[in-house]
Amino acid sequence: MQYMADVKSPRPQSRAAAIEVTGLSHIYEGRDGQVPALQEVSLTVGAGRFVVIVGPSGCGKTSLLMMMAGLRHQSSGTILCAGKPITGPDPNRVGVVFQEASLFPWLTALDNIEFPLSIRHAPREERRRRADAMLNLVGLKGFGTRYPHELSGGMKQRVSIARGLVQDPPVLLMDEPFAALDEQTRMTMGHELLRIWDETAKTVVFVTHSLTEAVYLADEVLVMSARPGRIIDRIDIALARPRTYEMMATDVFGRLRERIWQQIRRRSD
Amino acid sequence: MQRPSPATVRRLILVLVLALWEVVPLTGVLPELFLPALSKTLTVLVQNWAEYAHALAVTLYEVALSMAIACGGGILVGALVGGLALLRNLLLPVFSSLYAVPIVILYPIFTAWFGIGSESKIAFAGIYGFFPVMLSTAAGIGTIDQNLLLAARSMGASVPQQIARVVIPASIPTVLSGLRLGGALAIIGVVVAEMLTSSDGIGYLVTRYRTVLDSPRVFAAILMILVLSVVFDLIARWAERRTLAWQTAGRRERGAQIRARSLAAAPATA
């Protein structure tokens, strides 16, 4: 129990909601008629929180995230971000990091990070200054002139995170960003992400398959069930911050992980 | 002993072929009608330079215009066919099948329509080169990584911005390889058309001197066409390298990539 947080996290966390999802349902037209993908999903993400969504494949967790990003439309229900509804992509409110780093291969790392700014015709100097700051933040100083194929998988995701944050949105949505990385890089990147989150005080919603990753990163884990996707459990991760790799070996960590696993298994039997 | 580089071997082979071209006819193994010596061919070319230069100018003019038609039309139609699902499903199978048709059978009709001057060559070679450009443009646009478009949308890119900033740069590699093939076919188209029915151009010189069995002059014309094709290919490759620097840059510095990988593991955790 030594790693349980009996002191509150050192990060001041306001009570205000960064994201509020209410009664979100989605039905898509499948081959055999209508398929309910999401059913009455409601959740609140407090400002500055790190919330992880886990669930079996095809439970609609990516769909949910894409809807929060304004990249896909729901059949019914509302999504509020900073009190205002999400109707389409809005990089000033929500940054997105995808599973594939999705960097433009013909642009250098720095130009990739500048891309969202250049789309809005931000002045060149400001673009360069902010992109440089982001490059430093993600620990890639000196790699700005590299093209994506000259970067490793982990570095590509660092650039992708920098790109998601360059417009300084309060919310960062991440769709299995480390799923394609090898185990060691994945651990390092998780640790790095927590550092960036701590430095920037963003609200993060993070989708993953990995229960270890979920427990390690999250303030709060939301467990989803398979089709139709619903939120079946909400688990507070009361591990102290900053998180350390040693915590993974503790009983508390194991029990939290086990509880999430039980929830997922029970529903898929 | 060090093995010679492939580039050196290639140069040696070229020198060998040229040397054989010179030596074999001199030995009398092959009569001059079959293969005049390289020196003789060059001499004829220089002595009749005015005639050959004029023919080259005509051919180059036809090649330039037919390339413009093949590339411009191919990119335009390819972009529409690749970008719009309706057109893609409707037209792509038709175009793909047409590609296999020997379009040269249409050339007599072209001469009936456009006469035996430059126009019929330009029209024929333009269409001949059009197909590979159009098909590769359609393929390039149709196979764009949808994740890139999704990422651009998440950054707030409008549809025109998505086209200008993502679709076009992403399809450039495939379009360029189509242009190289289409350009080469346009040259072939012009020369073949000149050889079939015409009154001018390098292809015409080949046919004309072949009928009078003047082999050195035939080979002089062939040599010019060879040079023309090789120069075009060199220019096309150079343009490709320039435009696609981002694709090849890394291959030149594998070492840097490996260093980068080891650094990526933990640059900022310490």
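User: Before we start, what do I need to know about the numbering and the model?

Analyst: Residues are numbered from 1 along each chain as its sequence is written, while chains are lettered from A and ligands numbered from 1 in the order in which they are written. The model is predicted, and local features need pLDDT of at least 70, side-chain atom pairs count only at pLDDT 80 or more, and totals for chains, interfaces and linings use all residues.

User: How many helices and strands does chain B have?

Analyst: Helices (H or I, at least four residues) and strands (E, at least two) are DSSP runs, numbered from the N terminus. Chain B has twelve helices and zero strands.

User: What is the radius of gyration of chain B?

Analyst: That radius is taken over C-alpha atoms, and the globule rule is 2.2 Å times the number of residues to the power 0.38. For 270 residues a compact globule would come out near 18 Å, but chain B has 24 Å. Its C-alpha trace spans about 80 × 60 × 30 Å along the principal axes.

User: And how do I read "buried" or "exposed"?

Analyst: Count the other C-beta atoms, placed from the backbone, within 10 Å of the residue's own: 20 or more is buried, 12 or fewer is exposed, and in between is partly exposed. In chain B, 34% of the 270 residues count as buried. B:Val23, in helix H1 (residues 6-27) of chain B, is exposed, with 12 other C-beta atoms within 10 Å.

User: Is A:Val166 buried or exposed?

Analyst: A:Val166 is buried, since 25 other C-beta atoms lie within 10 Å. You'll find A:Val166 in the loop between helix H4 (153-165) and strand E7 (171-175) of chain A. Two residues are in contact if their C-beta atoms lie within 7 Å. Leaving aside residues up to four places away in sequence, A:Val166 touches residues including A:Ile113, A:Leu117 and A:Met134. A:Met134 is 32 residues apart from A:Val166 along the chain, yet their C-alpha atoms are separated by 6.4 Å.

User: Now helix pairs. At what angle do H7 and H8 of chain B pack?

Analyst: Axes are lines fitted to C-alpha atoms, for helices over the stretch in contact, and angles run from 0 to 180 degrees between N-to-C directions. Under 35 degrees counts as roughly parallel, over 145 as roughly antiparallel, 65 to 115 as roughly perpendicular and the rest as oblique. Helix H7 (residues 146-154) and helix H8 (residues 159-196) of chain B pack at about 160°, with axes 10 Å apart, so H7(B) and H8(B) are roughly antiparallel. On the H7(B) side, the contact includes B:Leu148 and B:Ala152; on the H8(B) side, B:Val166 and B:Ala170 are among the residues.

User: How are H2 and H10 of chain B arranged?

Analyst: Helix H2 (residues 38-47) and helix H10 (residues 215-243) of chain B pack at about 80°, with their axes 8 Å apart, and are therefore roughly perpendicular. Among the residues that meet are B:Val44 of H2(B) and B:Phe219 of H10(B).

User: At what angle do H3 and H9 of chain B cross?

Analyst: The axes of helix H3 (residues 49-83) and helix H9 (residues 202-211) of chain B come within 7 Å and cross at roughly 130°, which makes H3(B) oblique to H9(B). B:Ala55, B:Leu56 and B:Thr59 of H3(B) make the contact with B:Ile202, B:Tyr204 and B:Leu205 of H9(B). For classes, Ala, Val, Leu, Ile, Met, Phe, Trp, Tyr, Cys and Pro are nonpolar, Asp, Glu, Lys and Arg charged, and the others, Gly among them, polar. Here that gives five nonpolar, one polar and no charged residues.
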